[in-house]
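Subject: Structure handover

Hi,

Here is the structure I promised to pass on.

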Amino acid sequence: SIYLYNATTLEPLPVTSRIAIAGNLGNVTTGFVDNSGETPIFYIGTSGSPGVLIKISVQNPETVTQQVLTLGPSQNKVTSIVEKNGYAYLGLGSEGGSCNIAKIDLGSFSRVDSLDVKNCNGDLTSASMDADGNFVYFGSSDSPAQVYRVRAFVSCPNSCSGHGVCSRGACSCEEGWVGESCDTMTCPNDCSQEGTCNNG
């Protein structure tokens, strides 16, 4: 469960003060509040495997909506998060000598890019961004502790049209899709070289 309090008075918020989260999503590990709109939106990372980011919107005490974004299979628990210009950068748990970072487009609530950090043996437990938004800094629980400086990711064209995975600004298209933004369907067997493929 998530309990919502006013940070100044430490009183429960006048809206629903307790929000239940399904147990299979893991425990709450980190989060932040986006106050830029009419109503606050809460983004919560969990210890699930694969990692999960939950978007919670509280319109009034009776209207609470949740959206769940499950990350990729090798992207374990969400251990840190920082937000800038409509994107969230998630530091993830360590797995076998590497850590993962995921970039989330908060508007579409979708993963738009990811990065594997080599020689990282501890969870990425803290995240911050420089004032210009050019670099994200992730602190790890390695012994001794490490700080990883990562250039803020370049977005892929059209977020790969929902038909691919963005990695470092380039789309890797799913089978059956091609193009810079994975926006063109391929034809079976490329029309056996006997015709022209017209978007699938």
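Ala88 has contacts (heavy atoms within 4.5 Å) with Phe32, Ile81, Val82, Glu83, Ala102, Lys103, Ile104 and Leu106, leaving aside neighbours within four places in sequence. Before I go on: this is a predicted model, where local features need pLDDT of at least 70 and side-chain atom pairs count only at pLDDT 80 or more, while totals for chains, interfaces and linings use all residues. Residues are numbered from 1 along each chain as its sequence is written, and side-chain values use heavy atoms, with hydrogens and water left out.

Ala88 also turns up in the largest nonpolar core, which has 15 residues; Tyr43, Leu53, Leu71, Ala88, Leu90 and Ile104 have the most contacts inside it. By nonpolar core I mean a set of buried Ala, Val, Leu, Ile, Met, Phe, Trp, Tyr and Cys residues joined through side-chain atoms within 4.5 Å. Buried is under 20% relative accessible area, exposed is over 50% and partly exposed is in between (1.4 Å probe, protein chains only). Strand S4 (41-46), S7, S8 and S9 each give two or more residues to this core, and S8 gives the most, with three. Strands here are DSSP runs of E, at least two residues, numbered from the N terminus. There is a second, separate core of 14 residues, and Cys99, Val117, Leu124 and Tyr148 are among them.

On to the sheet. Four strands make an open, antiparallel sheet, ordered S7-S8-S9-S10. Strand S7 (78-84) and strand S10 (110-118) are the edges, each pairing on one side only; two strands pair if DSSP finds at least two bridges between them. From one strand to the next the twist averages 20 degrees, with axes as lines fitted to C-alpha atoms and angles running from 0 to 180 degrees between N-to-C directions. Strand S8 (residues 87-92) and strand S9 (residues 98-105) run antiparallel and are joined by five bridges. Leu90 sits opposite Ala102 in S9.

Thr30 is in strand S3 (residues 28-34). Is Thr30 buried or exposed? Its relative accessible area is 18%, so Thr30 counts as buried. Not counting residues up to four places away in sequence, Thr30 touches Tyr43, Ile44, Gly45, Val78, Thr79, Ser80 and Ile81.

Asp190 is in the segment after strand S17 (184-185). With a relative accessible area of 44%, Asp190 is partly exposed. Its C-alpha atom is 9.2 Å from that of Gly200, 10 residues apart along the chain.

Cheers
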